[in-house]
Amino acid sequence: MDDAEPMTAVGLRPPDQVMRLARLGAFHQTRLSFLRVLLRRIGRERWQYARPVFDLDDRGVGHAVYTVTRGPRSYSLVAFAHDLPPQMRTDRVIAEAWDATFALFDGVPTTTDVARLAANVPRQEAGRYLASELVLARANRSVRLFESVVESLAQGHQPDERQVGSTGYLMRTTAVYGNGKFGLADRDRIAAREELAGPFQAEMLTVWLIRAFTVDLVEHLARARDSHRAVRLLPRLRRRLGIGNATGLGMAPFLVRHPTLIHSWIAARETALARVRSLASAAPETRARFLRLLPKARRLIADWRTDDPVQAPRLPILLAEISSMERAAPELLASRHRPWDRLYKWGEETLSLEGQELLVSLMLEPHGALVDDLAGGMTVDETVAFRIDGTMSVRQLRDDIERHYAFALKLDFSRAEATRRFWYVSEEKLEPRLGDRFAEPGADLELPLAIGRDVSALHRALGSASPGESVAVFLTRHPEHRHTVRRVQIASRHPYAEIRDNLIGSDLRAVDVLRAKLSFFGCTRFDPRSDKWLRITLFQDAPFPDEIGAGDWDGWIWGVAESAPLAAPGVTT
Amino acid sequence: MRVSHNEVEALAMKAARGAGFPWGDCEEIAAAARWMAEQGLDVARGLCALLTDPNRQERSSCPVAAGIAWSDGTISTSPVARWQRLRHPVWLVAMIGAALRHKLQHAEIAWPGWRIVIHGRGWRASSDFGALVDVRTASDIEVTLRPGILAGAGEMSSASGGLGVSPADWSALERLAARTHVPESQASRETGAGAGTSDND
């Protein structure tokens, strides 16, 4: 592998082990996850924060501007709050109105900019944007929590702590768009800026500022309801509020369409694990930090609620496995030879996939100095690997397929169940969907995401070509295999590029694909609502923008107990 | 109207598919379209011409097939390539440009009346480069690959705020792209995105 590290004594886990849907669907956030990378930077570099505009009426309708500044550059969240009738509230992408809509503006917007945004942002996809806007987003209130928090604060008391913690957010984002959508800035515009060069940093910044807005909004509504009695949220409770998110199939094709990018994410995570496993010994302080994490992890998992028939039964098992870790880890980590590797191997033999992957996250946690630099390698220029090497021989391409796509060659695609699903784009909302090939129309318009089936077909076609023929000549006869040839060539050089499972089988759980991606974002509390969409939480327990300059901007995700400020937050109005 | 380079690339891919190109060709067309947008060429007009050409399936005069053949083989085998006649030669130019994006090489593309030198991030032309989009056919085309990038070539406008295109062209491309969309049925509404549980809580 071209990313191999000569200093690493323990090798990377093989792609056949890592890139299976069952394991990807058990991934948890790590310290390399994108929102954690962003907050570490903001805390370390002490970005400046201001809220120059907060112009909302007593119903909470109006707009606000949140600005962070790093050196010569500023980024501003422009938030528009609306009065949405309850019957219009849906998290699905088919919605046409939202409780709040947002744009991340590159700089500090003038009143002219805000007026232009006010005419477009509330319309979301139906609006048009300029390259001065980096991200577009929207959010809906959590019916469960929003109103009860407003009412408690208005009456002068704090909301129920348990309810705040178990819901975990006041609003859910239902879409966060970047990279040129609807006229927004192309990624090229920000790719060279150190602070936004990492994957999805502008999107994560947007969501973090939206979270601050949701708290300001409930405090504002409480004051409007009863200006004499109303109180602000206690800092400890405020920290318990993250931001929710509902994610559906629209996100799934991304992982398949960006093979070199996905390789870079997975390779960074796997390299981090290999570095830790390769350590000759475990320093007492590192060991102690790891052991202190385990009860925090248990509390985090205990807060994780889901009714999903697959995910729900995994959670009590995971809790029991954390107890096993607590019993086994002290002795394993006292070992004189590669203690972290011993712990990992124990996990592989003992724990469920959920437990194994949580152990990976926990093992990386006390090793920031050893692994954090890997976050810098999670961005790639995808055009580099794009060009097909037409001089490769048919024999070589066949060999590469046999080496990297054994999973596909083992599948029997003549079985209806192996090809029952097809991915398509719906006319109504221009979003990716999954259909039943044998029961619904549209399979002739299938998206090229049936990788296993297509590679299997390519392998067959190559079998009837002369082994010495060049791929270029083969493709002049078979242009229909061109996209698959490109994938095979990319995957041969980027071993973690490919999900090594059938993406069109009747047993596909698309939420596994979504979870893998969301874990890299840094999401927690995965709550599948069907096999095709799920809810998650971001930034729960994270510091707020008005806390820059103090507190823990690194380990916050494992719980507030040790890091929450005791004093009231600074007044930001 | 103003569109981002990413929108150009995404719509080019779908419109090319809607026009009947194989997926792998669509990817090449999308990459070439982005290169065109980066050079400030009117890629929407260029795409409309390419994708609505009634002879677009004719492989021997297809600039996409020519660009693919060049990109797949020529770079490392033979320095000179020739074609007798190609439609919409801007697409050959753009596909070569996209293929050279990360190469320390440049290509000279010439036919009677035109001489264009390009590398992955710039160009130099004997005629008005913008007019290249409107050239319908070219004959006796010769492409020569040379080492080194090109000093003093026009630089691409990558950091720009996108590209201005005609709304009529853009709509025509959206109509082509719409041919790849599957109309919603009641069944797909209920199962296709996995709704069914309440999401207003």
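What follows is a short chat about a predicted model with chains A and B.

Student: What are the ground rules for this model, and how is it numbered?
Tutor: It is a predicted model, in which local features need pLDDT of at least 70 and side-chain atom pairs count only at pLDDT 80 or more, while totals for chains, interfaces and linings use all residues. Residues are numbered from 1 along each chain as its sequence is written, and chains are lettered from A and ligands numbered from 1 in the order in which they are written.

Student: Which residues of α17 in chain A are buried?
Tutor: A:Val394, A:Leu397, A:Ile401 and A:His404, in a helix that covers residues 394-404. Buried means that 20 or more other C-beta atoms lie within 10 Å of the residue's own; exposed means 12 or fewer, partly exposed is in between, and C-beta atoms are placed from the backbone. Helices (H or I, at least four residues) and strands (E, at least two) are DSSP runs, numbered from the N terminus.

Student: Why are those on the same side of α17(A)?
Tutor: Because they cover an arc of only 110 degrees around the axis. The arc is that of the directions from the helix axis to the C-beta atoms. An α-helix has 3.6 residues a turn, so residues three or four places apart point the same way.

Student: Which residues are exposed on the other side?
Tutor: A:Glu402 and A:Arg403.

Student: And what do the buried residues of α17(A) pack against?
Tutor: α19 (451-463), α20 (471-477) and α21 (482-493) of chain A. Two residues are in contact if their C-beta atoms, placed from the backbone, lie within 7 Å.

Student: Switching to the interface. How many residues does each chain put into the contact?
Tutor: Chain A gives 51 residues and chain B gives 43. On chain A, at least two residues each come from α7 (188-191), β8 (421-426), β9 (432-436), α20 and α21. The chain A side divides into 19 nonpolar, 14 polar and 18 charged residues. Here Ala, Val, Leu, Ile, Met, Phe, Trp, Tyr, Cys and Pro count as nonpolar, Asp, Glu, Lys and Arg as charged, and the others, Gly among them, as polar.

Student: Which strand of chain B does β8(A) pair with?
Tutor: β9(B), residues 181-182, in the parallel sense over two bridges. Strands pair if DSSP finds at least two bridges between them. A:Val425 stands opposite B:His181.

Student: What are its neighbours?
Tutor: β2(A), residues 62-70, runs antiparallel to β3(A) and is joined to it by nine bridges, with A:Val68 partnered by A:Tyr75. β4(A), residues 100-106, is also antiparallel to β3(A), over seven bridges, and there A:Ala79 is partnered by A:Phe102.

Student: What sits between β2(A) and β3(A)?
Tutor: Two residues, in a hairpin where A:Gly71 takes a positive phi near 55 degrees.

Student: Now chain B. How many helices and strands?
Tutor: Seven helices and nine strands. Of its 201 residues, 51% count as buried.

Student: What does β6(B) pair with?
Tutor: β6(B), residues 137-147, is joined antiparallel to β2(B), residues 80-87, by seven bridges, and B:Arg82 stands opposite B:Glu142. Six bridges join β6(B) to β3(B), residues 105-111, again antiparallel, with B:Ala107 partnered by B:Leu145.
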